[in-house]
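Let's take a walk through this one together. Have the 3D view open and follow along.

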Amino acid sequence: MVFASNSFLFIFLPLFLLIYFVLPFRYRSFFIALGSYVFFGWWRIDFLSLILISTVLDYICGREIVKAQTKGLKGRAWLILSMVANLGLLAYFKYFNFGLDSLNALLNIFGQSSIHAWKVVLPIGISFYTFQTMSYSIDIYRKEAEPAQNFTDFMCFVALFPQLIAGPIVRYQTIAEELHSRTHTLDKFSEGSMRFMVGFVKKVMLADTVAPLADMVFGAENPMFIDAWLGVLAYTLQLYFDFSGYSDMAIGLGLMLGFRFPENFNHPYISKSITEFWQRWHISLSTWLRDYLYIPLGGNRKGSGRTYVNLMTVMLLGGLWHGANWTFVLWGAWHGGLLALERLLASQKLWRPLPAFITMPKTLILAMIGWVTFRATDVSAAWKVYRGMLGLNGFGINESIAWQIHGFHISMLVLGLVLVYVAPWWRDYLSKRPIPQQRSWVNIHLFIIPIFVLAILRLSAQNFSPFLYFQF
Amino acid sequence: MKRTPEYSNKLLDSLLGWFLVLMLIIGLGLALWAVKDYKPNQQDLWQKVLRGGWTSDFDKELNDKIAFRQLAIDSWGALEYGLFGTGRKGVLVGQDGWLFSDEEFQYYPDEALELANKVGYIQEVKDTLAEVGARLVVLVLPAKIQALS
């Protein structure tokens, strides 16, 4: 089930909230788990078994690690079991097809015939919930978190439907307290409603409207300079509004249920460097990779050469986490290389700080170049777009694309671009005002109501609106 | 009275929450009304329930029959046409209010392959109809733009 659908908005959510608020508090976490299974099972019931396996296994591993530690042991065997099981599930369901295709390509190069096997269906959300359950076992092993007090709390944590299939990746200790005592107030519910509506509008009005521009260019045979850059800019905004819209909706739904999830985005396109970009984009993933991969690999504590290797390793694996395709590996390598380069330039004092009007567009362009491989179906498709961006197919606009570009697409593209830069300025401006003034400005947020209604009508008119990050 | 945190309007502050609750209640009523006659197709029902086919049928029924769907299509169509002079997906607005199907202008990198695919599809439809004793009559019409130019 997706948030931007009639079945979620008008059947699942009202029925779920109705029953949730009628139930006494002690049954609510169990009901969240139950509702989350319905939410996930709406896509496929059979893959619910994977969530259940992950839940039971990590609950047991967490408890056994603590038991072993109370006896003076480390509990490493239980941690290894958790890692092997979670990574094994991820490896099979996410990377089996990719591994086989890559092996067959290699065999074909050496004149051998391909190996034929079954195709594995990728269960939605597997990358997210396996990372969550792994972090639970690791945190207990490191004595940074207490194990779940009961199985219901843990079921609720793993299955929590607002963030089950596309994040933010929440760690157990972040919501441990709220799992057994959280407040439900009208103010919190209204704050959550606001976040949910903002996210919905971002997704349906902005991301979905600019999506055809990106699809046209990435599907074109010979995009030219203008349409290639226009299409890549459209994808840059589509991905941001789609994914940050989803995160807003997740955070909003969490607030309605009394949870406060961590923020996942902080205006990434105003970053002045790629290093800063990764502190603002998909924050829950980048902190996960930092805490569970970069730092254990040695981080920056083992000399500069090792730091660069660690950065590259983390970004390559981060790329691969997004999808089983060489395009994601290249995207990870691009970002890993840029992070290492920025670190080198800073350490050697080879780079004087430049003004924001240069560094902000520079970072945006570097991110856009990366998004081409991220979006393309394969490396040759990415190269077609790069050719267009370099002007190798001409500097004009391809006629086969031009006639399909509508005023509405361009208006939403411009509006999206304006919002990317005005929203952080607005937030800063508001936070510096005296509190009474802030409150009077908050009323302007009521404008979200008519825009939300328009977005619901748009969703109904276009029927289906999948999220880009579901594929990861 | 000047509004301060102490004297803020509680109703205004919680308006978004109340609004969403109202929307969800109205939406639930409309959604249940839309699917009141829905009966799942019994063929391979167990497989469909297990693998999600049943829910996608249900979603389709809900999307098609929800009361404000036509209003949504009409209002967004009117808005886009009024503001930007563009039609719905698949429609191209020409000069003097002439409307065209955008497939007439579609460019395919490999025209021969596209033609082969379409002929293959027609053949598939013809075979399917033949299985139930119906004959497909193919009528080739010129594109509207060709007829008008």
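A residue counts as buried if 20 or more other C-beta atoms lie within 10 Å of its own, as exposed if 12 or fewer do, and as partly exposed in between, with C-beta atoms placed from the backbone. The model is a predicted one, where local features need pLDDT of at least 70 and side-chain atom pairs count only at pLDDT 80 or more, while totals for chains, interfaces and linings use all residues. Residues are numbered from 1 along each chain as its sequence is written, and chains are lettered from A and ligands numbered from 1 in the order in which they are written.

Start in chain A with helix H7, residues 172-180. Helices (H or I, at least four residues) and strands (E, at least two) are DSSP runs, numbered from the N terminus. In H7(A), A:Tyr172, A:Ile175 and A:Leu179 are buried. Those buried residues fall within an arc of 90° seen down the axis, so they line one face of the helix; the arc is that of the directions from the helix axis to the C-beta atoms. Helices H2 (25-41), H5 (126-141) and H6 (151-159) of chain A are among what covers them, going by contacts (C-beta atoms, placed from the backbone, within 7 Å).

Now slide along to helix H12 of chain A, residues 304-322. Its buried residues include A:Leu311, A:Val314 and A:Met315, along with A:Gly318 and A:Gly319. Packed against the buried residues of H12(A) are helix H11 (283-294) and helix H13 (326-347) of chain A.

What about chain B? Chain B has seven helices and two strands, and from the N terminus on they run α-α-α-α-α-β-β-α-α. Of its 149 residues, 7% count as buried.

Where the chains meet, 41 residues of chain B are in contact with 39 residues of chain A. On the chain B side, H2(B) gives the most, with 11 residues. By class, that side has 23 nonpolar, 11 polar and seven charged residues (Ala, Val, Leu, Ile, Met, Phe, Trp, Tyr, Cys and Pro are nonpolar, Asp, Glu, Lys and Arg charged, and the others, Gly among them, polar).

B:Asp96 has a positive phi of about 55° although it is not a glycine. B:Asp96 sits in the loop between strands S1 (91-93) and S2 (99-101) of chain B, and with 4 C-beta neighbours inside 10 Å it counts as exposed.

Definitions and conventions
The expected span of a helix is 1.5 Å times one less than its number of residues. Two residues are in contact if their C-beta atoms, placed from the backbone, lie within 7 Å.
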